[in-house]
Amino acid sequence: MGRHEQREQVFRLLFQVEFHANEEMPRQMRLFLEGNEEIGSQKDADYIEERCQAIREQIPGIDRMIDENTVGWETARMGKVELAVLRLAVYELRFDDDIPSGVAIDEAVEIAKKYGQDNAGAFVNAILAKIVKLGD
C-alpha cells in the first residue's frame, strides 16, 4: 500500500471522528481496520491507526488553526468531509516534517475532490494555502 492509499484510509477513519464519542473511537478504529479489505498488511494497519490517533490528539489545536484561517467558516459549520481532509492536511503541514507542504496540499485537494462536494477541492486549497503562508 502506497502513501496515497494510506493517507486516504487515514482520512476515511478521521471522517468517523465526527460521528462517534471520543471513548468509542478505539473500538471504531479496530472495526474499520479489521473489516477493511483494502488494507493489505498489518504494517499498513498499524501505520493508519497510529497516524489517526496522532491526529486525533492534535484536533483542538488543528481546529484552532483552521478557524483562524477562515472567514465565516468555523470548523463547527464545515462539511464533515472537508473538515476531515483539513485536519489530516494541517497535521501533515505542521507536525510531519517528512511530507513536503506541496504534497500535503495536493493530496488533500485530491481527496476533497473525490469525497467532497463540487467546490471542496478549492475550499480546502484556499484554507491550506493561508495556513502554509502563515507558517513560512
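**A cavity and a buried isoleucine**

Helices α1 (3-15) and α4 (80-95) each supply at least two residues of the lining of the largest cavity. Helices here are DSSP runs (H or I) of at least four residues, numbered from the N terminus. A cavity is a set of points on a 1 Å grid, over the protein atoms alone, where a 1.4 Å probe fits but cannot get out, and lining residues have an atom within 4 Å of a point. This is a predicted model, where local features need pLDDT of at least 70 and side-chain atom pairs count only at pLDDT 80 or more, while totals for chains, interfaces and linings use all residues. Residues are numbered from 1 along each chain as its sequence is written, and side-chain values use heavy atoms, with hydrogens and water left out.

The structure holds one cavity of 30 Å³ or more. The largest cavity comes out at about 40 Å³, with volume being the space filled by probe spheres set on the points, which are joined across faces, edges and corners. Its lining is made up of Arg3, Gln6, Arg7, Val10, Tyr47, Leu88 and Glu92. Helix α1 gives the largest share, four residues. By type, the lining splits into three nonpolar residues, one polar and three charged; Val, Leu and Tyr are among those counted as nonpolar, Glu and Arg among the charged.

Now for Ile62, which sits in helix α3 (residues 42-68). Ile62 counts as buried because its relative accessibility is 0% (buried means under 20% relative accessible area, with a 1.4 Å probe and protein chains only). Leaving out residues up to four places away in sequence, Ile62 touches Ile55, Arg87, Val90, Tyr91 and Phe95, where contact means heavy atoms within 4.5 Å. Ile62 and Leu86 are 24 residues apart in sequence, with 8.6 Å between their C-alpha atoms.

Note on methods:
Buried < 20%, exposed > 50% of the residue type's maximum accessible area, 1.4 Å probe, protein only. 1 Å grid on protein atoms, 1.4 Å probe; cavity = no way out; pocket = protein on both sides within 12 Å on 5 of 7 lines; lining within 4 Å.
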